[in-house]
Structure formats: structure tokens, C-alpha cells
Amino acid sequence: MKEKIGLVKYIVYQYLLILVLITINKLLFIYVNIPLKDRGDYRDYIGSFKNGLIFDSALSSYIILGSLVMYILYKVLSLIKLEIVGRYLSYLYSLIIGIIFFTIMILDIWYYNTFTHHADVTVFGYTGHMNEIWLTFWMEYPVIKIILWFLLIVTTYIVCSVINFNKVGNKNLKFNCLETIKSSLIIIVVIPIFVISARGGITGATLTWGRAEFSQNYFSNQIALNGVFALLQSVDVNRNMKSSDANSIKKRFTPDELKTNVRSYVTQSQDIYLPGENVLRRITNTQKPVIKPNVVMVLMESFMGSNVGALGYEPDLTPNYDRLAKEGIVFKNIYSTGKRSNRGIVSAITGYPSSYGQALIKKAIVGRRTFYSIPDILKKRGYNTSFYYGGDIEFDNMKAFLVRSGIDKICGMKSFSKKDKTIAWGVPDDKVFDKISDDLKKLKQPFFVEAFTLSNHSPYDVPDKFKTHSKVKYPKMYKKYDGVAFADYAVGRFTDSVKNKEWAKNTIFIFVADHGADRGVPVEIDWKKFTNPLLIWSPNKKMVKPQIIDTLGSQSDILPTLMGILGGEYEHATWGKNLLLKGNKKEFAYVVDTQYVGIIDKDYIYIEDIVGKKDKLLRKKDNKVVKEIDLADYRKKTRTFLELSIKQEKEGTFGKENY
């Protein structure tokens, strides 16, 4: 029986089938994720498809190479009368590829909608928390529509692949020398073609996502990539980083240069450095008497500064925070160090910056080293230390980090009754604050208590009376705004309930966000996403006098700033400074966002793409590229923080010398 189609046609049909389905998904990607501002014009989108073809072709080529292997296996099995086995192996291959390939591609569309970048290797760090993730996914996204779309795309691919294979499959079991020679020659010719295509062409290096950077419009560049390629590339980069002594990042500075550079950025007049491997280990003498008030730190989930009216932003979603800001020390130019909780929780109490790549809190080295931290320092002064969280305390290795950082008592979701667990991630903020308020009146003073809020987290399942923000007016942000409004309410309710308590009159409260929230702005690092509403407040105005601090800083500055208030002498290794000390210079914040690292100062944000090996400077007021300013100083700052943090994490020199 003659083949219904030839091998060449089979290859072409399969190749075009995959490209068409990728393109259809790319159109859905644009529809779901197109930004409200800075959309670019039609030329950008034409460029997206043109430049994206190389990535789509590469993925298609990998799949075609697998299909050719299945075809060869089918032919071999046909010679020993196992043609049916070869045929069903080909069907199985189409089934597996279709499910895996398009599951990633389709889910990536909504992942981007949440995080403003394609899915990367960090998603595999949350496989142990699938219950919370599934609940969030179910409540936040149009799950039924996604499933139906998935079934349509996968079914189309599998059915068409099976039909194409049946057309090329030869049911004649007799050996045909001419046909075999012809098929072999075709395979010999096409395999190198698809290998070259999979590598991204005849170049000295394999294809990387840097080749998608063709435009100044961020969203257009992201369209050019596809979710499968972006994820697999991220996995490969992560694997290489683990296996490479240099962590795949070329060093620009020697250890001595890193030491000199970083000290020039963080040293203040009260610091005396200590010998040892940790180049930031030092003693700070505040030249003030020691005081021992209680300290309550509230780490607020996703409480982005650009939602806070007291910082000058609109819409103002935070009347309670605004009221407290008038009564305390409000810092108007503070930035988060990273974009996830596993970065903010570290920076807020240790002064360590956000790690590049995997979060430090999740690395095994944390279990073998001890940080200098606020609770650890205060324990030496006789403080009791506690931590409260309405969710899973094991999430992101949080419990282990807290224990290693000096926290004695940890209260997580399991400490609450089942009736209190009313949201997807556990216990809402108001109930957590109620427990804290009840516990603190019985706790021996002085105490350090850290509370990590939860309600302002996707899927933002807050009470109905807080769901007041219009989807029409705020299509990308309305649920996030509802979450912020409830979080602000819970903070106000808590402070109102405790401010007249005797223990509260001897307490300093610190309010700071763990990180911001993606705003759907098409730029590599959205600086407003990193704005952080740091506030120090107390009912006792003699302890905390109201003032506004414009000094620019980050979460890394909280520890030395707090200790500057508490007075005395203390040993630490923070990457920050006391923001209340006069004469602060070199004001900037170092930030990390996936493959991008950057420096934020008063007027500009410098962004370096580590993977794409390119950098640029943007003007903060309009996110436009600035070319007339020399980037040497920005590069020096960025690379100092990046390279030293990688070095310390690799060597374990970020914490105490004796552990």
C-alpha cells in the first residue's frame, strides 16, 4: 500500500501545525495581558511575531526531531512485524507532547497576567504547596474557560498529529529498498536543518531569550518569547548556575574591590569593622543610651507604597495608614529589595539584600549559618521573640529561617481554630491581629513580635464590604485594591484596639511591606512596584516623634535605623544604614526582579539584564530611556551588590563568624 503523503509533506504539515497553534496562543496572550498604558503601536506587534518566529520555530523543531525519531522507530518495528507498537508509540508521543507543551504555554498566559513576566524556574519551588496554589488559581482565574481552551488546543494537536502520521505510515510490511533509501536521505537532510533551527540558526551560541529584545517596549519583547521556551531556558540557566563555580555570571571585581566598594556605600561614622570573612561585619556605637521598649514589626503582604496616600500616590487606599503616618516617622522613599515574600522577610529583619536566582531563605546554606538579625540582637538584650502568621509557617522554608534568626515562639495557621481559617491561604489579618492583641497583654516585657499579614494576597478573598473597586475603572488592579483596603482596615483596627494598653505605651510599632504588587506596567523593573511604605509609630509620642524622612533607602536599612532609636552598641552585618542619622550620602536602593537587577535613586532607575547582557537607564517620571548620562557609577553599584551577595551565599559568609 502506498503512503498517502510523503515524509517531506508529513514534516511540513507537523511543523506548520505547531506554529499555527503557538501563534493562536500568542494572540490569546496579547488579548489577556495587553497593558493599559505603553502598549506600543502595530509595528511593535509585527516585530513581536517576526522576532518571535525564531523561538517558535526552535520549539517546533525540537518536537519535529522527536517525531522523526518516532517515525524511524515505527519503520524499524515494522520490519519485525511490530508495526502496531510503533504506531501507538507515535500516538503516545503526540499525547505527551501535546499535554506538556500546551499546558505550560496556556498557564503561562495567566502567570504573566499576575507577575508581568513569563513563568520561570521559581515555580517549581512551590510544588509542596499545591493546595494553596490551586485554591488561589480557582478563585482568581477563569478556570473553566482555561480548561476548555486547553482541551480545544490539545485535542486539535493530537488529532491532527495522529491523522498526519496515519497518512505517512506505511502499512505494507514488506521491505522496500528504494523507499528506505529515499526516507533515509530525507531524514539525513532534514535532521541537521531542524537541529540548526532548534539552536536558533547558524550562530556561535545557542538561542537565548536575549534575542527577543528588539524593542524599547517591554510587552512587545515578551510577546516575542513563548512560555515554554522561557521556562525551559530558565531551568537551563538555573542548572548551569548550580554547576558553575562562577554561578554563570562573569565577575567584574576582585574580592578586595568588592569589600572596598560595598563599605563605601554603607559605612557610617559610628561603624567599626571587625576582622573575618564577612566584610560587612561591624560594631555600631549609636552614642545613645540603651532603651528597651517593646518592638512590634508588622510585615504587610503586598502593601505597595504606590497605593498609599501619605506617600503622595493615587488612588489613596489607606486612610488608616495615612492617619498613623501623621503620628509617626514616615519614610517616603523606601523600596523593597525583591518581588516575593521570601525576599522581604529576610531583608526586613537582617538587612540582607534580595538574592539573584533562588531566594536565600530556600537555600541549604541558611541551615548552616546564622544571620545577624533584629530578633537575634534584641534577644541579647533580654527580649522575648515571637512571630505570627495566618498561613503555613513552613511555606518557603520560613520556619527554619526564623528559628535560625532568633525567633523563639512561632504561631502559624495550626495555632488557630478551623473556624478562623476562612480564606484560601489560611487565617485573615483581623483574626491574626486579635490573637496578637490577646497574647501581648500576657507576654513578659520587653518583647519583639513580628506579624506577617496575609489577606492582601491573591485571590484577595476579603469580606464583601471591601470589594468596592470597579473592574471597569481598575481592570488590572481592582482585586488588589480590595485587598489593600482590607489590609489597611485590619491595621487600623489593630492599632485602635491596643493604643491605650499599658504595654503599647512602651512599644514601637514598625509597619513595612514584604514587597509590592505587579501593576501590569510593560517594563523590566517597574520601580513603583518596589515602593515600600515604611512607618515607625508609637502611641507614646515621647518615644516616636512625628516626622517625615525623605532619605532614599530600602528594607535593608530597617535594622540599623531601629537600633539607632534603641541606642547602645550592637554587632551586625547589614547592607544598610541608619536612615535617621544625619549626613547620609549615596542614596540608592538595590533591587532584584527575576533576571534583572537594578539601582533606584531619586530620579532614575538603572536596569541590568543579567541573561541578556545589556543595561539601560530609565527616567522614573516617564520610564523613558536616558542616554546622555554615563552608566559607570550605576554599573559599579549594581555589580558590587550582585557579585558580593553571590559570593557570600556561595561561601556562607553572610552571617556570623561563629555559629
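Before I continue, two remarks on conventions. Residues are numbered from 1 along each chain as its sequence is written, and the model is a predicted one, in which local features need pLDDT of at least 70 and side-chain atom pairs count only at pLDDT 80 or more, while totals for chains, interfaces and linings use all residues. Side-chain values use heavy atoms, with hydrogens and water left out.

Phe387 also has a bridge partner in β7, namely Ile410. Strand β6 covers residues 384–389. Helices (H or I, at least four residues) and strands (E, at least two) are DSSP runs, numbered from the N terminus. β6 pairs with β8 (residues 447–452) in the parallel sense over six bridges, and three bridges join β6 to β7, again running parallel. Two strands count as paired if DSSP finds at least two bridges between them. Five of the six residues of β6 are buried, so the strand is largely enclosed by the rest of the structure. Here buried means under 20% relative accessible area, exposed over 50%, and partly exposed in between (1.4 Å probe, protein chains only).

**The open sheet**

To which sheet do these strands belong, and in what order do its strands lie? Eight strands form an open sheet, ordered β7-β6-β8-β3-β9-β11-β4-β12, with mixed pairing. β7 (409–411) and β12 (547–549) stand at the edges with a single partner strand each, so one side of each has no neighbour in the sheet. From one strand to the next, the twist averages 15°. Axes are lines fitted to C-alpha atoms, for helices over the stretch in contact, and angles run from 0 to 180 degrees between N-to-C directions.

Within this sheet, β9 (residues 507–513) and β11 (residues 535–537) run antiparallel and are joined by three bridges. Phe509 has Trp537 as its bridge partner in β11. Helix α15 (residues 478–498) packs on the sheet and touches β3 (294–300), β9 and β11, its direction making about 180° with that of β9. Contact means heavy atoms within 4.5 Å. Helix α16 (residues 558–566) lies across β3, β4 (329–331), β9 and β11, at about 165° to β9.

Helix α10 (residues 319–327) has as its buried residues Asn320, Tyr321, Asp322, Leu324 and Ala325. The elements covering them include β4, α15, β9 and β11.

**A buried hairpin**

Strand β15 (residues 589–593) has five of its five residues buried, so it is largely enclosed by the rest of the structure. Ala589, Val591 and Asp593 point one way from β15, and Tyr590 and Val592 the other way. In a regular strand the side chains alternate between the two faces of the sheet. β15 pairs with β16 (residues 596–600) in the antiparallel sense over five bridges, and Val591 stands opposite Gly598. The two strands form a hairpin with two residues between them, and Thr594 in the turn has a positive phi of about 50°.

Which residues touch the most other members of the largest nonpolar core? Of its 114 residues, they are Ile11, Phe101, Phe102, Phe509 and Phe511. Such a core is a set of buried Ala, Val, Leu, Ile, Met, Phe, Trp, Tyr and Cys residues joined through side-chain atoms within 4.5 Å. Its largest share, 13 residues, comes from helix α1 (residues 7–33). Apart from this core lies another, of 78 residues, among them Val279, Ile374, Phe401 and Tyr634.

Ser645, in helix α17, is buried at 0% relative accessibility. Leaving out residues up to four places away in sequence, Ser645 touches Tyr352, Pro353 and Trp575. Gly655 lies in the segment after α17 (632–651) and is buried, with a relative accessible area of 1%. The C-alpha atoms of Gly655 and Thr350 are separated by 9.3 Å, although the two are 305 residues apart along the chain.

**The whole chain**

Finally, the protein chain contains 17 helices and 19 strands. Buried residues make up 59% of its 659 residues.
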